[in-house]
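The following note sets out numbered points on the fold, the core and the aromatic contacts. Please read it with the sequence and the model in view.

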Amino acid sequence: MHDLEVNKPVNKQNRFLILDIGAGHGRFCYLLLNELFSKRNLWPDSKECPFLYVMTDCSQKIIEWWKTNLFFKEYIKNGVLDFAYYDVEKGGQVCCFYLI
């Protein structure tokens, strides 16, 4: 968080991206988001999240499960968490579901 430009206001257009490739059940995502939000006082603007976390997987079934997971609900609602289908073996573009 300290590496963010101090003079540049944080908004949805200049957030940095955290891309979690092969996020599985999402435990790491959940724990990391909780930790980052507990350090909100270190953000350039504690009211504006400076990042977008994107979980990816090659299983549509698990992505659908993420979308309904109650642990992720608030992060999705606040535009901090998004999901994308991505197959490492095939490569290609990462297209988010909710990208705001």
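1. Helices (H or I, at least four residues) and strands (E, at least two) are DSSP runs, numbered from the N terminus. On this basis Asp-82 lies in strand 3. The model is a predicted one, in which local features need pLDDT of at least 70 and side-chain atom pairs count only at pLDDT 80 or more, whereas totals for chains, interfaces and linings use all residues. Residues are numbered from 1 along each chain as its sequence is written, and side-chain values use heavy atoms, with hydrogens and water left out.

2. Overall composition. The chain contains three helices and four strands, which follow one another along the sequence as β-α-β-α-α-β-β.

3. The four strands form an open, mixed sheet in the order 1-2-3-4; two strands pair if DSSP finds at least two bridges between them. Strand 1 (16–20) and strand 4 (95–96) are the edge strands, each pairing on one side only. Strands 3 and 4 run antiparallel and are joined by two bridges. Tyr-85 has Cys-95 in strand 4 as its bridge partner.

4. Helices against the sheet. Helix 1 lies across strand 1, strand 2 and strand 3, and runs at about 175° to strand 2. Helix 2 lies across strand 2 and strand 3, at about 165° to strand 3. Axes are lines fitted to C-alpha atoms, for helices over the stretch in contact, with angles from 0 to 180 degrees between N-to-C directions. A contact means heavy atoms within 4.5 Å. Among contacts between residues at least 6 apart in sequence, 65% join residues at least 24 apart.

5. The nonpolar core. Such a core is a set of buried Ala, Val, Leu, Ile, Met, Phe, Trp, Tyr and Cys residues joined through side-chain atoms within 4.5 Å. The largest one has 19 residues, and those with the most contacts inside it include Leu-33, Phe-51, Trp-66 and Phe-83. Helix 1 (27–38), strand 2 (51–57), helix 2 (60–68), helix 3 (73–77) and strand 3 (81–85) each contribute at least two residues to this core.

6. Aromatic pairs. Rings of Phe, Tyr and Trp (its six-membered ring) pair if their centres lie within 6.5 Å; planes under 30 degrees apart count as stacked, over 60 as edge-to-face and the rest as tilted. The whole structure holds eight aromatic pairs. The ring centres of Phe-37 and Phe-51 are 6.1 Å apart with planes at 75°, so this pair is edge-to-face. Phe-37 in helix 1 and Phe-51 in strand 2 are 14 residues apart, and the pair links distant parts of the chain. Trp-43 and Phe-51 are also edge-to-face, because their centres are 5.9 Å apart and their planes at 85°. Phe-51 is buried at 0% relative accessibility, and Trp-43 is buried at 4%. Phe-16, Phe-37, Trp-43, Phe-51 and Tyr-75 form one aromatic cluster.

Terms used
Buried < 20%, exposed > 50% of the residue type's maximum accessible area, 1.4 Å probe, protein only.
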